Amino acid sequence: MGLVLDTNVLIRAERSAGAGCPTLDFSPWAGYGNVYISSVTASELLVGVHRATTQARRIKRSAFVESVLAALPILDFNLAAARVHAEIKATLYVRGETLGANDLLIAAIAVSAGHAVLTTDVDDFRRVPGLKVVPFDGPR
């Protein structure tokens, strides 16, 4: 089993660093195995770079995002994830529940790879059948 980071974990780490460079320590979750991000999270982080309101913020955010992209393996949305995505979405529909589009993609990628998700959005992700959800309570 591995651990897929939800985008909000990385955003929180970046914001908590203030003027300094954030350090990411995932040793408290070492029992889950390797740490990954999804291609969806990569996209969400890159959108944040493009949406930066000042050049200084864009440069700082870009440096953070590029360091994350270089440091962590990226899991793609592939056919296996698409099959899981369809099943999860249909199951949630029958239950009358929803999940944000990107969160549903991240969940499908994690489930298809047999990994847990580390997130601050525990209640949302817990609706996903077959997904191990690990709460994130802040940078460590």
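Predicted model: local features only at pLDDT ≥ 70, side-chain atom pairs only at ≥ 80, totals over all residues.

Residues are numbered from 1 along each chain as its sequence is written, and side-chain values use heavy atoms, with hydrogens and water left out.

What does Glu 14 form with Arg 61? The two form a salt bridge, with the closest N and O atoms 4.0 Å apart. A salt bridge here is a side-chain nitrogen of Lys or Arg within 4 Å of a carboxyl oxygen of Asp or Glu. Glu 14 lies in helix H1 and Arg 61 in helix H3, so this pair ties together parts that are 47 residues apart in sequence. Helices (H or I, at least four residues) and strands (E, at least two) are DSSP runs, numbered from the N terminus. Arg 61 is partly exposed, with a relative accessible area of 22%.

A search of the whole structure finds three salt bridges. Another of them joins Glu 97 and Arg 95, at 3.4 Å from N to O. Glu 97 is partly exposed at 28% relative accessibility, and Arg 95 is partly exposed at 43%. Asp 124 also forms a salt bridge, with Arg 127, and there the closest N and O atoms are 2.5 Å apart. Asp 124 is partly exposed, with a relative accessible area of 28%, and Arg 127 is partly exposed with 24%.

**The sheet**

Now the strands. Strands of a sheet pair through backbone hydrogen bonds, either parallel or antiparallel. In this model, an open sheet of five strands has the order S3-S2-S1-S4-S5, with parallel pairing. The edge strands are S3 and S5 (133-135), and each pairs on one side only. Two strands pair if DSSP finds at least two bridges between them. S4 (residues 116-119) and S5 run parallel and are joined by three bridges. Which residue of S5 is the bridge partner of Val 117? The partner is Val 133.

**Helix H2**

Helix H2 covers residues 39-50, twelve residues in total, and reaches 17 Å from its first C-alpha to its last. That is close to the 16 Å expected at 1.5 Å a residue, where the expected span is 1.5 Å times one less than the number of residues. Val 40, Thr 41, Ala 42, Leu 45, Gly 48 and Val 49 are buried in H2. These buried residues pack against several elements, including strand S1 (3-5), helix H1 (7-16), strand S2 (35-38) and helix H3 (55-71). Contact means heavy atoms within 4.5 Å.

**Two cores**

A nonpolar core is a set of buried Ala, Val, Leu, Ile, Met, Phe, Trp, Tyr and Cys residues joined through side-chain atoms within 4.5 Å. The largest one has 21 residues, and Val 4, Ile 88, Val 117, Phe 125, Val 128 and Leu 131 touch the most other members. Which elements give two or more residues to this core? They are helix H4 (79-95), H5 and helix H6 (122-125). H5 supplies the largest share, six residues. A second, separate core of 19 residues includes Val 9, Leu 45, Val 49 and Phe 136.

**Aromatic rings**

Last, the rings. The whole structure holds two aromatic pairs. Rings of Phe, Tyr and Trp (its six-membered ring) pair if their centres lie within 6.5 Å; planes under 30 degrees apart count as stacked, over 60 as edge-to-face and the rest as tilted. The rings of Phe 26 and Trp 29 have centres 6.3 Å apart and planes at 50 degrees, so this pair is tilted. For Trp 29 and Phe 136, the centres are 5.7 Å apart and the planes are at 40 degrees, so this pair is tilted. Trp 29 lies in the loop between H1 and S2, and Phe 136 in the segment after S5, so the pair ties together parts that are 107 residues apart in sequence. Trp 29 is buried at 6% relative accessibility, and Phe 136 is buried at 8%. Ring pairs link Phe 26, Trp 29 and Phe 136 into a cluster.

Key:
Buried < 20%, exposed > 50% of the residue type's maximum accessible area, 1.4 Å probe, protein only.
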